[in-house]
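Subject: Structure for your files, with notes

Hello,

Please find the structure below. My notes come after it.

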Amino acid sequence: MPATAAPWLLLAVFSGTLISLQARITGELAAGLGGDGFTAAVISFGSGFVVLTLGLLVLRGPRRGVGLVLADVRGRRLKWWQVLGGFGGAAFLLAQGLTVGALGVALFTVAIVAGQVTGGLLFDRMGLGPAGPQRPTRRRVVGAVLVLAAVGLSMADKLGGGFPYLMLVLPLVAGVCVSWQQAVNGHVKNAAGSAYAGTFFNFVAGTGALTVIFLVHAVAAGVPSRLPTEPYLYLGGLVGITFITIAVATVQKLGVLLLGLCTITGQLVGSLALDLLLPHGDTHVTAATVAGVVLALAAVALAALSGSRTGRVVASSSALRTAASERVDGPTER
């Protein structure tokens, strides 16, 4: 890889650390709301949706991209469920709010990575992403198994007593949902021709899902009596917009595989640094947690740097629109 790619590599790793930072913010917001992770998730995701909606009022290009996506859904060039990638982000954020306080950022991140790698193998094989079907290699399968082993290693010294190890199921499932989100969001971006519009639809779907869950929870358990006063607890939405935007910008330079490796690297390093330097609550980093993070990092590198061939690139919706127009009106002059 040329030296000019180095800044993009660093930027992608930085975006991964922002994911860990969002996890900490959402976890602390949930704690400030009396342990209400549902309210914390809807506040964090909803604030990002509000910012993006305000941006659409002044930005013509993204507004046009939104119209293109809606036209493609109506014309069945884009499947309706491909616009619902934000559900994966909602699952991720909900898992943050409900489990980070008990698990700690490092262990939460290891579980998320396990889900992401497993989901990535599954969805690549299914051809869910824009690149089409990709046969899983032996190294990728071994890497996925090692990441799952890393989760067990990280929690090995916590299984006794009252450690809520069943909570690991939530971030594991959320990690799979994140892989699905990344796959379908690629199709939306292609249809919109705009990273902003693709991000907007992501936040629309996620905010809608979290709002419904919040309302059901509010009817059953009520709402928090007060909101925390610390301003930084309400920055989760902006952090989310930032790392999603970075991912969209760097994927053109690095490709999906290397971007994923850099992002996961940033998550692992950032989460461990947060638990070491800014410990929260009664969570603490043990030797098993560090070993699990190191093993997960090595496994992700093995899975990502497998040297497998990239699958075919599926035609974008804009290309399909052009082809359809040429069939009706004749070839377009270039």
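This is a predicted model: local features need pLDDT of at least 70, side-chain atom pairs count only at pLDDT 80 or more; totals for chains, interfaces and linings use all residues.

Residues are numbered from 1 along each chain as its sequence is written, and side-chain values use heavy atoms, with hydrogens and water left out.

Salt bridges

The structure holds two salt bridges (a side-chain nitrogen of Lys or Arg within 4 Å of a carboxyl oxygen of Asp or Glu). One of them joins E28 to R24, with the closest N and O atoms 3.9 Å apart. Both residues belong to helix α1 (residues 6-32) and sit four residues apart, about one turn of the helix. Helices here are DSSP runs of H or I with at least four residues, numbered from the N terminus. E28 counts as buried because its relative accessibility is 15%, and R24 is buried at 7% (buried is under 20% relative accessible area, exposed over 50%, partly exposed in between, with a 1.4 Å probe and protein chains only).

The other salt bridge is between the side chains of R77 and D72, at 2.7 Å from N to O. D72 is buried, with a relative accessible area of 0%, whereas R77 is partly exposed at 32%.

The loop residue P228

P228 is located in the loop between α8 (195-221) and α9 (236-254). Its relative accessible area is 7%, so P228 is buried. Leaving aside residues up to four places away in sequence, P228 touches L29, G32, L33, L233 and Y234 (contact means heavy atoms within 4.5 Å). P228 and E28 are 200 residues apart in sequence, yet their C-alpha atoms are 9.6 Å apart in space.

Helices α3 and α7

Helix α3 (residues 60-74) packs against helix α7 (residues 169-192) at an angle of about 110°, and the axes are 8 Å apart. Axes are lines fitted to C-alpha atoms, for helices over the stretch in contact, and angles run from 0 to 180 degrees between N-to-C directions. The two helices are therefore roughly perpendicular (65 to 115 degrees; under 35 is roughly parallel, over 145 roughly antiparallel, and the rest oblique). On the α3 side the contact is made by G65, L68, V69 and D72, and on the α7 side by V188, A191 and A192. D72, in this contact, is also the partner of R77 in the salt bridge described above.

Regards
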